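Keep the viewer open and follow along.

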Amino acid sequence: MAVSPALRGAPQPRPAVVVLRALGLGDLLTAVPALRALADAFPRHPRLLAAPAVLAPLARASGAVDEVIGADGLAEPLHRRLHGAGLAVNLHGRGPESHDLLLATEPRRLVAFTHPAVPASSQGPRWRPDEHEVARWCRLLSESGIAADPTRLDLELPPGPVPHGAAGATLVHPGAASPSRRWPPERFAEVIRAEVGQGRRVIVTGGPAEVDLAHDVAARAGLPDSAVHAGQGGVLTIGRLVAAAARVVCGDTGIAHLATALRTPSVVLFGPTSPALWGPPPDRPWHRALWAGTSGDPHGQLPDPGLLAIDVDQVTEALADLPAAAAPRPARRAALRGRVAQTPGRG
């Protein structure tokens, strides 16, 4: 059948760049510099992120993602819209499960760390277990020919209401995904009482599964229920709480990465995992990472002994010594702005 001249001259859709990061809040935020590197390298190609749908507003706020396609973990095949990409990038893990999940979508090219069980990854960079999470994914790209800058962590939220009482407050977030990273509630309550004694307003935050914990900590500290902002709204709500706060106190969890991205001074309590792997950048002195120097199981079912070695006085002293955050650096222009984009399926 003959093709009409109009159809013959019609522009063909550009192949998509698909990225897998089907993990949590902190995981998304540590991948933002890598996502921005891909946006710079392929500005004219659709960029689809396979990640939990609840994180879509923050992913879009990065300016690096066109669309989030819901994916939570590796148990289910990826949505058919992620199939046939020009480039598939594994920012999820070292494989083999995550590699295989992406390869099942039949991309033209895979960028991933090498794994001996996945021959298609044999040309990829090698995994380093002692590498900071932000640097890891930027190195994956840079060693695959895509320039990446790990300092591009800052995030700007879209305009929206600031919850009552948040502006200028000390934000205390006692929760974490696993018990090994949860400092005891009674210690958070002592920190709150010390902050109130200094004349500071305090709010307590938590996710949908942490409502009871947040109210428990607030009650122990003598705060009213109105000081608790837990299980309310989505990621933009918690983001605006962090952005409005004067300082943040939390464990090694997603809120710590929000504080980094939004330049809110913070004191972060580390236990089983070194801040050298997941902590705030050392060149930002308005973030303080407290760590006893021991490592353990970040998914353990009991509070880590190293975390318990951090006492209340250490936290209150760190809070008292926090400097104000520096102004955000000007937004960087895309590398080689205005160039013709690379072709994702080649090279």
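Which residues in H7 meet H13, and which residues in H13 do they meet? On the H7 side they are Arg187, Glu190, Val191, Ala194 and Glu195. Their partners in H13 are Val312, Val315, Thr316 and Leu319. Please bear in mind that this is a predicted model.

**Helix H7 on its own**

Helix H7 covers residues 185-197. After the helix comes Gly199, which has a positive phi, near 85°.

Phe188, Ala189, Val191, Ile192 and Glu195 are the residues to look for if you want the buried side of H7. Viewed down the helix axis, the buried residues of H7 lie within an arc of 160°, so they line one face of the helix.

**Helix pairs**

Two packed helices are described by the angle between their axes and the distance between the axes.

| Pair | Angle between axes | Distance between axes |
|---|---|---|
| H7 and H13 | about 40° | 10 Å |
| H7 and H8 | about 50° | 8 Å |
| H3 and H6 | roughly 25° | within 8 Å |

Take H7 and H8, which pack at about 50°. That angle makes H7 oblique to H8. H7 passes H8 in a right-handed crossing. In this pair, Pro185, Glu186, Phe188, Ala189, Ile192 and Arg193 of H7 meet Leu213, Asp216, Val217, Arg220 and Ala221 of H8.

Back at the H7 and H13 pair, the axes make an angle of about 40°, and the two helices are therefore oblique to each other. H7 passes H13 in a right-handed crossing.

Now move to helix H3 (residues 32-41) and helix H6 (residues 133-142), whose axes cross at roughly 25°. Why does this pair count as roughly parallel? Angles under 35 degrees fall in that class, so H3 is roughly parallel to H6. From H3, the contact involves Pro33, Ala34, Ala37 and Leu38, while H6 contributes Val134, Trp137, Cys138 and Leu141.

Conventions: Residues numbered from 1 in each chain as written. Predicted model: local features only at pLDDT ≥ 70, side-chain atom pairs only at ≥ 80, totals over all residues. Heavy atoms only, no water. Helix = DSSP H or I, 4+ residues; strand = E, 2+ residues; numbered from the N terminus. Expected span 1.5 Å × (residues − 1). Buried < 20%, exposed > 50% of the residue type's maximum accessible area, 1.4 Å probe, protein only. Arc of directions from axis to C-beta. Axes fitted to C-alpha atoms, helices over the stretch in contact; angles between N-to-C directions. Parallel < 35°, antiparallel > 145°, perpendicular 65-115°, else oblique. Left-handed = near helix turned anticlockwise from the far one by under 90°. Contact = heavy atoms within 4.5 Å.
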